[in-house]
Amino acid sequence: MFRYVMSLALKNMRSRTVQSALTAVIVALAVALMVVVIVLNDGVQQGVIEASEAFGVLVLGPKGSAQQLVVSTILLQDVPVGLVDQSAYARYVQDDPRFVVVPIAMSDNIGGAPIIGTDANFFKLRRSTNAPPLFALAGGRTFTADFEAVLGAEAANATGLTIGAQFHSAHGIGAGLASDVHTTVTYTVVGVLRRTGTPYDRAVFATTNSIWQTHEMSNELTALRFQAPDLKAAPDNPAQPVIARGKLTAAFVLPYGVPLGDLYRLSQQINNSPYVQAAFPGAQLGALFNLLNQGGLVLNGVAWLALIMAGLTILLSLYGTTLARRQGIAIMRSLGASRRVIFATVVCEAVLLTAFGVVLGATLGHVVAAGIAGAITGSSAIPVTVRFIASAELPMLLIPLLLGPLAGLIPAALAYRVDAVEHLFAT
Amino acid sequence: MTLRLRDLRHIYREPGLPPREVLNIPAWSAEPGETILLRGKSGSGKTTLLNLISGLLTPTEGAVEIAGVDMARLPEAKRDRFRARHVGYVFQLHHLLPLTALENVEMPLAFLGENARERRAKALQALEAVGLSEWVRNKPAQLSTGQRLRVAIARALVIAPPVLLADEPTAALDGEMGMQVVELLERVCAQQRAILIVASHDPALINRFQRVVNLEAGQLQERVPA
C-alpha cells in the first residue's frame, strides 16, 4: 500500500507539473542558499588557510591595522598599510641566524598583476619545514639582477607575457591609467613559476631594488600612494639604513627553532615600537574568520527565513490543491480508500516535494558555490574549494525534510475530513 | 450473498430546515444474480438509497446488510474496506480520476492491497470485458462519453463485487448505446452472479430487468414487469 500511496502522490504532482515544480524550486532555492553559505564559508576559510600557510609565522609591517597588514601581504587583497624603512625590521631580526626575513615591496603592477619587490629568500618559502619550496619554476630562472621579472602562473596567463618578453610597470598595485606607466624602466621576463594555489600566483616578482629604482628614476618616491611615517623621528629607524636604502610594505619572518615564547616576546618587543608592528597571520586570519562567520550567521538567518517561507509555500500549494481535489478524494473514498490512505497521500506529496527541493537545492547550492568559488579563486588566486561537509550539511538538509511533511499536515487533515457523499454529488 | 435492508430510515437534517425523511423501508432484499431496476422521480431518494447500500452513507436508523454484515456497525476503516470488496458503484457522472483508464480501473484493487502485477492483469481483463483494450493508456479527457462510462463500469466490476450499483448509466447515451451498456452490465453480473441495481428514469429499460422497484414517498414498491 505504501508504494501505491507514493505512486499516487507522484501522479498527483505530475498532474499539476508547473505548480509542483515551482514549489520544489522554492524549497530548492532556500536549501541552495543555506548550502552556499555553509560550503563557501568553509571553502573560503580553508582556502585562506591553505594560501597563507607558507608565508611565515610573523608578518612585519608599518604600524596600523594588523588585519590589513596580513590580508594585503598574504592574500594580496586590500591596500598595504603603508611603508616603513627596511632597516626598521632589521633591528629586530637581521643579525639573528634563527630568522630568515623575506622583504616585500609592493607599489607597481603590470596589467593588474602586482609586482612584488623581494629577494631570493622568497623562493625558499615552504608550507612546512620538510615540504619542498612552494615556488618552483615552470620555465626560465629566478631573477639575478634588477628589472628581471619572474611571473606567477596566473600572472603569466593574465598578461600573456613569456620568457624574454619586456614590459613597463605601472604605478599602483592594481590596473590603473595609461599615464601611470613607468616608461623610464623596462623589465625583462626571465622565468615563470608553477601554479601554487596561493594569491602570489597572480603576482610578478623582481628585486626590491627594481621597485625603488623605478620610483627614483621617475622621481616618484615621494608620490607613493601610502603615507610613510616620519622615519627620521623614529628611534628604531637609524638615519643610515643597515641593509639598503629603501622602503618595504611588509616582511615575512620565518623562524627556525625559535621557541614560541621567544616569538611572542619578539612580537611584543616589535609592537612596542610606535612605527613597526608584528602580526601573527593565524591570529589575524582567525579574527577575519570570526567576521566571516558573523556575516555567515546573518546569511544563515536569511536562509532559514527562506526555508520557513518555502514550508509555507508547500502548505499553501497543497492546501489549494486539496481544496480543488476534494471530489477526486471523494471518488477515492468511494472506491475503498480509507481516510488514513488519503491523509498519507497528501503527506507523501509534501515529503516528495520537499525531497525533490532538497536534492535540487543541495545540487544547485554546490554548483553555485563552485561557481562563486571559481570566481573568487580567479580574482584572488585564493584556492577556494567546494566540498560536501557532511557534519554541517546533513543536519541542515534533514531539517527541511522534516519541515516539509509538517507543512503537509494541515492540507492532509483537510483531505482526511473530506465528506465523500457531499463531494461526489456536489454540482 | 444476499442484500437486505431492515427497518431502514434516512432523514436529512439541514440547519434552518425541518428534518426531511427521504427513505423508510421496513424490509427489502435481493439475491445473487438478480437484476433490479430502481425507478423514481428526481429527488425521490434513488441516489440516497444507492449511497446507503454502498456504505457511503450510514442510515439514520435500520441496517443495510450484505452477506449478513451490517455495514453501519463496522468501524469506518473496516467499512471502507468492506465497500471496496463488496460493492461496485457506477456513478452517473462516471467520476473518473485524471489518470489513464488502466490506472482508474486498478485503483479499487490497490485499496484492497493487491500487488501491482495482479492489479494490472485484472484491470486489463476488466477493460477488455467492456471493449476498451485499445484505450487503456487514454485519460478520461481523451475518451468519449460512452467510453468513459465503460471505464467506470470496468472499475466497478474489477473487484468482482457481489453488489453492483449503477446510477443513471444511460442518461448521457443515445438509445442504442444505452442498451449496449445495460446489456454489458447484465452480462457481467450474470457471469459473476452479482446483484445488479440500476437507478434510471429510462422507460426503455423496464422490460430488461428481472425486478422493477419504484421508490415513492421514501418507500420501495415492487412491481412485476409486464
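Look at chain B of this predicted model, where four strands line up as β2-β1-β4-β5 in an open, antiparallel sheet. As a reminder, strands of a sheet pair through backbone hydrogen bonds, either parallel or antiparallel. Here β1 (residues 3-12) of chain B runs antiparallel to β2(B), and nine bridges join the two.

Now bring in a helix. Helix α1 (residues 46-54) of chain B lies across β1, β2 and β4 (61-66) of chain B, and its direction makes an angle of about 125° with β1(B).

Zoom out, and chain B turns out to hold six helices and ten strands. Its C-alpha atoms fill a box of roughly 50 × 40 × 35 Å along the principal axes. How does that sit with a compact globule? For 226 residues, such a globule would have a radius of gyration near 17 Å, and chain B agrees, at 17 Å. Of its 226 residues, 46% count as buried. Among the chain B contacts with a separation of 6 or more, 69% link residues 24 or more positions apart.

Finally, there's the meeting with chain A. The contact draws 18 residues from chain A and 22 residues from chain B. On the chain A side, α1 (2-15), α9 (326-334), α10 (339-380) and α12 (420-424) each supply at least two residues. That side of chain A is made up of ten nonpolar, five polar and three charged residues.

Terms used:
Residues are numbered from 1 along each chain as its sequence is written. Chains are lettered from A and ligands numbered from 1 in the order in which they are written. This is a predicted model: local features need pLDDT of at least 70, side-chain atom pairs count only at pLDDT 80 or more; totals for chains, interfaces and linings use all residues. Two residues are in contact if their C-beta atoms, placed from the backbone, lie within 7 Å. Ala, Val, Leu, Ile, Met, Phe, Trp, Tyr, Cys and Pro count as nonpolar, Asp, Glu, Lys and Arg as charged, and the others, Gly among them, as polar. Two strands pair if DSSP finds at least two bridges between them. Axes are lines fitted to C-alpha atoms, for helices over the stretch in contact, and angles run from 0 to 180 degrees between N-to-C directions. The radius of gyration is taken over C-alpha atoms; the globule rule is 2.2 Å times the number of residues to the power 0.38. A residue is buried if 20 or more other C-beta atoms lie within 10 Å of its own, exposed if 12 or fewer, and partly exposed in between; C-beta atoms are placed from the backbone.
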